[in-house]
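The following exercises are to be worked with the sequence and the structure at hand. Each task is followed by a solution in steps.

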Amino acid sequence: LVIGNKIFCKTDSVSEAILDLAKDRGLEICHVNQGYPACTTLAYGDNAITADPGMAGILSKNGVKVTLISNGDISLPPYEYGFIGGASGVCENRVYFLGDLSTHRDGAKIRCAIENAGYKAISLSDEPLSDLGGIIFL
């Protein structure tokens with residue numbers, strides 16, 4: 001998970017190639033216990049949204065403005081729930097959601113955090129939010 005000039009990763013399990021690339025690009029490497037930080041966290045600018053209290057704490061300590069949300073309300077069959085990072089993607093000043101943001105119990109809180117940072121939240125369907133691994137823009 002790259003935010004600003006930092007990369008957040010589980011340093012004891014991330015690929016050496018990723019660590020080398022991060023160093024080459026001048027990124028500060030920050031260890032987290034979460035093995036999938038980009039899945040559990042939606043990052044936009046110097047802001048982040050996550051339901052993981054541990055990630056929220058580490059991000060906050062590193063200068064990231066964090067909005068902590070409730071677990072759940074994001075589909076990821078066959079699991080109980082998915083994650084906000086896997087149900088979204090950021091392109092320029094827009095945050096896209098795989099489903100309808102209003103179906104999340106913290107949808108209004110999420111939208112407010114995004115808009116307060118100068119971004120626009122866009123729901124891509126009227127279906128419940130789904131964790132499909134995130135959106136990558138080419």
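**Exercise 1: Aromatic pairs**

The structure holds 3 aromatic pairs; rings of Phe, Tyr and Trp (its six-membered ring) pair if their centres lie within 6.5 Å, and planes under 30 degrees apart count as stacked, over 60 as edge-to-face and the rest as tilted. The model is predicted: local features need pLDDT of at least 70 and side-chain atom pairs count only at pLDDT 80 or more, while totals for chains, interfaces and linings use all residues. Residues are numbered from 1 along each chain as its sequence is written, and side-chain values use heavy atoms, with hydrogens and water left out.

Task: Classify the pair of tyrosine 44 and tyrosine 119, then the pair of tyrosine 96 and phenylalanine 137.

Solution.

Step 1. The ring centres of tyrosine 44 and tyrosine 119 are 5.3 Å apart and the planes stand at 75°, so this pair is edge-to-face. Because tyrosine 44 belongs to strand β4 and tyrosine 119 to the loop between α4 and β9, the pair ties together parts 75 residues apart in sequence. Helices (H or I, at least four residues) and strands (E, at least two) are DSSP runs, numbered from the N terminus. Tyrosine 44 and tyrosine 119 are both buried, where buried means under 20% relative accessible area, exposed over 50%, and partly exposed in between (1.4 Å probe, protein chains only).

Step 2. For tyrosine 96 and phenylalanine 137, the centres are 5.5 Å apart and the planes at 45°, so the pair is tilted. Tyrosine 96 lies in strand β8 and phenylalanine 137 in the segment after β9, so parts that are 41 residues apart in sequence are tied together.

Step 3. Tyrosine 96 counts as buried at 16% relative accessibility, whereas phenylalanine 137, at 36%, is partly exposed.

**Exercise 2: The faces of α4**

Task: Determine which residues of α4 are buried and what they pack against.

Solution.

Step 1. Gly107, Ile110, Ala113 and Ile114 are the buried residues of α4. Viewed down the helix axis, they fall within an arc of 130° and so line one face of α4; the arc is that of the directions from the helix axis to the C-beta atoms.

Step 2. An α-helix has 3.6 residues a turn, so residues three or four places apart point the same way.

Step 3. The buried residues of α4 pack against β4, β5 (47-50), β6 (65-68), β8 and β9 (120-123). Ala108 and Asn116 are exposed residues on the face turned away from the buried side.

Step 4. Glycine 118 follows α4 and has a positive phi, near 85°.

**Exercise 3: Histidine 104**

Task: Is histidine 104 buried or exposed?

Solution.

Step 1. Histidine 104 sits in the loop between β8 (94-97) and α4 (107-116).

Step 2. Its relative accessible area is 3%, so histidine 104 is buried.

Step 3. Apart from neighbours within four places in sequence, histidine 104 has contacts (heavy atoms within 4.5 Å) that include Ile69, Ser70, Ile110 and Leu129.

**Exercise 4: The largest pocket**

Task: Which residues lie closest to the centre of the largest pocket?

Solution.

Step 1. A pocket is an open set of points on a 1 Å grid over the protein atoms alone, with protein on both sides within 12 Å along at least five of seven lines; lining residues have an atom within 4 Å of a point. The largest pocket holds about 350 Å³ of space.

Step 2. Of its 15 lining residues, Ala38, Gly85, Ser88, Gly89 and Ile135 are the closest to the centre.

Step 3. At least two lining residues come from each of α2 (37-40), β4 (41-44) and β7 (88-91).

Notes: 1 Å grid on protein atoms, 1.4 Å probe; cavity = no way out; pocket = protein on both sides within 12 Å on 5 of 7 lines; lining within 4 Å. Points joined across faces, edges and corners; volume = space filled by probe spheres on them.
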